Amino acid sequence: MADHPPPETTEHADLTAMGEVHEHPTWKQYKWVALILTLITVFEVWAYYVPAFVASRGFVPTLLIMSAVKFAIVVMFYMHLRYDHRLFRALFTGPLIIAMATIISLLFLFAKLTIGAHG
Amino acid sequence: MATAALPHSAHPATTTGLDHRKVAIWAFIGSECMLFASLISTYLIYKGRSVTGPFPHEWYCPDTHVPTFCPGESAGHIVHSMKPILNIPVTSQSTFVLLMSSLAMVLALAAVENKDKPLPPNPGLGTRILSSSKLWLLMTAAMGTTFLGYQAFEFTSFVHEGLTIRSNLFGSSFFTLTGFHGAHVTAGVLWLLTLLAIDVKRGLGPKDALIVDISALYWHFVDVVWIAIFTLVYLIR
């Protein structure tokens, strides 16, 4: 069904201009996205149960990167931000950047993150 | 306004050329990002600063107030020690359910958008299933409800194991963060059930794609917030 692009009618063009209809991924792409999300989650949980990996310096960065990848995949494909209008992208990424900056700033402020050794 | 002259699915012209409702939902999602950022940062700042247990990942002895087994106890012999509170296998299942609910949601939206398209002659079961918006809306709401059931189970077991919102800093920040997320999931489930009721009553078609799209965006946002919470709260020690 979703494998075929919709016919370009006048009404469809009107709706596209209003941001209502846009090209979406196909069912096969949705299926692959779901599979990738599942595999990343399985790997994350597996990593949690490997003591040597948990104790290593790569544990937290690896989990954060995998989480960010899952986040980006859902936003790009399921929320269609990759295919959507630039204004929507700006409305989401702007506050997201502020949110990330807030978290990082607060973690520095309360000494959860530090640069260099304590003096 | 001359809205009567417009096509049934179009809206009055806007300065951006975009529908105001979709602009509004993205602005709302942006503001929600900042709300959850504040809750997540609060959790992270308080992490590891609780002076009494239970703790998320460590054993705790309520007799000695030390984050380890009580004297004379071990993993095979526990009398007073409180176990690590987070149940990763259960939460992993609920995470999987929420991820799959997002797949069901995109299929519901695709089914609504393609409802006017004729099905191929002798459509197979798979084609008929994929084109049923009612089924996918119901599936999404059911999986959202299942996630809430997991959360209710988790909260109940935590309370039985001695962790409440008043127990320690971990309890306060944990219940506030996950409770806010659960409230958002609850609102999403009610929204989906409303759409399902409309679909059952009069049927949702391509002209309704926008309202389904807006609810889908909200639902996926709830999902991405959980992706962050699952890693930051449950997996990172």
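The following questions and answers concern a predicted model of two chains, A and B.

Me: How many helices and how many strands does chain A have?
Reply: In this predicted model, the elements of chain A run α-α-α-α-α from the N terminus on. Of the 119 residues in chain A, buried residues make up 27%. The count for chain A is five helices and zero strands.

Me: At what angle do α2(A) and α4(A) pack?
Reply: The crossing of α2(A) and α4(A) is left-handed. Their axes lie 10 Å apart, and the angle between them is about 165°.

Me: Is α2(A) roughly parallel or roughly antiparallel to α4(A)?
Reply: The two helices pack at an angle of about 165°. Angles over 145 degrees count as roughly antiparallel. Therefore α2(A) and α4(A) are roughly antiparallel.

Me: How do the residues of the contact of α2(A) with α4(A) divide into nonpolar, polar and charged?
Reply: From α2(A) the contact draws on residues including Val33(A), Ile36(A), Leu37(A) and Ile40(A). From α4(A) come, among them, Leu63(A), Met66(A), Val69(A) and Ile73(A). The division is 13 nonpolar, two polar and two charged.

Me: Where is His80(A), and is it buried or exposed?
Reply: His80(A) sits in the loop between α4 (59-78) and α5 (86-109) of chain A. Although not a glycine, His80(A) has a positive phi of about 60°. Within 10 Å there are 20 other C-beta atoms, so His80(A) is buried.

Me: How far apart are the end C-alpha atoms of α5(A), and what span should its residues have?
Reply: Helix α5(A) has 24 residues, and at 1.5 Å a residue they should span 34 Å. Just after this helix, Ala111(A) takes a positive phi of about 60°.

Me: Against which helix of chain B do the buried residues of α5(A) pack?
Reply: The buried residues in α5(A) are Phe88(A), Leu91(A), Phe92(A), Pro95(A), Ala99(A) and Ile103(A). Their packing partner belongs to chain B and spans residues 20-46. That helix is α1(B).

Me: Which helix gives the most to the side of chain A that touches chain B?
Reply: The contact takes 47 residues from chain A and 51 residues from chain B. On the side of chain A, α1 (10-17), α2 (27-48), α4 and α5 each supply at least two residues. With 13 residues, the helix that gives the most is α5(A).

Me: How do the residues of the side of chain A that touches chain B divide into nonpolar, polar and charged?
Reply: Chain A brings 47 residues to its contact with chain B. They divide into 33 nonpolar, eight polar and six charged.

Me: What covers the buried residues of α1(B)?
Reply: The 27 residues of α1(B) should span 39 Å at 1.5 Å a residue, and its end C-alpha atoms are 39 Å apart, which agrees. Among the buried residues of α1(B) are Trp26(B), Ile29(B), Cys33(B), Phe36(B) and Ile40(B). Following this helix is Gly48(B), whose phi is positive, near 80°. The cover of the buried residues includes α5 of chain A together with α5 (169-202) and α6 of chain B.

Me: Is α2(B) roughly parallel or roughly antiparallel to α6(B)?
Reply: The axes of α2 (residues 88-113) and α6 (residues 209-235) of chain B come within 10 Å and cross at roughly 160°. Angles over 145 degrees count as roughly antiparallel. Hence α2(B) and α6(B) are roughly antiparallel.

Me: How do the residues of the contact of α2(B) with α6(B) divide into nonpolar, polar and charged?
Reply: α2(B) passes α6(B) in a left-handed crossing. The contact includes Leu98(B), Leu99(B) and Met105(B) of α2(B), and Trp219(B), Trp226(B) and Phe230(B) of α6(B). Its residues divide into 15 nonpolar, four polar and three charged.

Me: What distance separates the C-alpha atoms of Thr145(B) and Val185(B)?
Reply: Thr145(B) is found in helix α4 (residues 133-160) of chain B. With 17 C-beta neighbours inside 10 Å, Thr145(B) counts as partly exposed. Along the chain, Thr145(B) and Val185(B) are 40 residues apart. Their C-alpha atoms are separated by 8.3 Å.

Conventions. Residues are numbered from 1 along each chain as its sequence is written. Chains are lettered from A and ligands numbered from 1 in the order in which they are written. This is a predicted model: local features need pLDDT of at least 70, side-chain atom pairs count only at pLDDT 80 or more; totals for chains, interfaces and linings use all residues. Helices (H or I, at least four residues) and strands (E, at least two) are DSSP runs, numbered from the N terminus. A residue is buried if 20 or more other C-beta atoms lie within 10 Å of its own, exposed if 12 or fewer, and partly exposed in between; C-beta atoms are placed from the backbone. The expected span of a helix is 1.5 Å times one less than its number of residues. Two residues are in contact if their C-beta atoms, placed from the backbone, lie within 7 Å. Axes are lines fitted to C-alpha atoms, for helices over the stretch in contact, and angles run from 0 to 180 degrees between N-to-C directions. Angles under 35 degrees count as roughly parallel, over 145 as roughly antiparallel, 65 to 115 as roughly perpendicular and the rest as oblique. A crossing is left-handed if the near helix is turned anticlockwise from the far one by less than a right angle, and right-handed if clockwise. Ala, Val, Leu, Ile, Met, Phe, Trp, Tyr, Cys and Pro count as nonpolar, Asp, Glu, Lys and Arg as charged, and the others, Gly among them, as polar.
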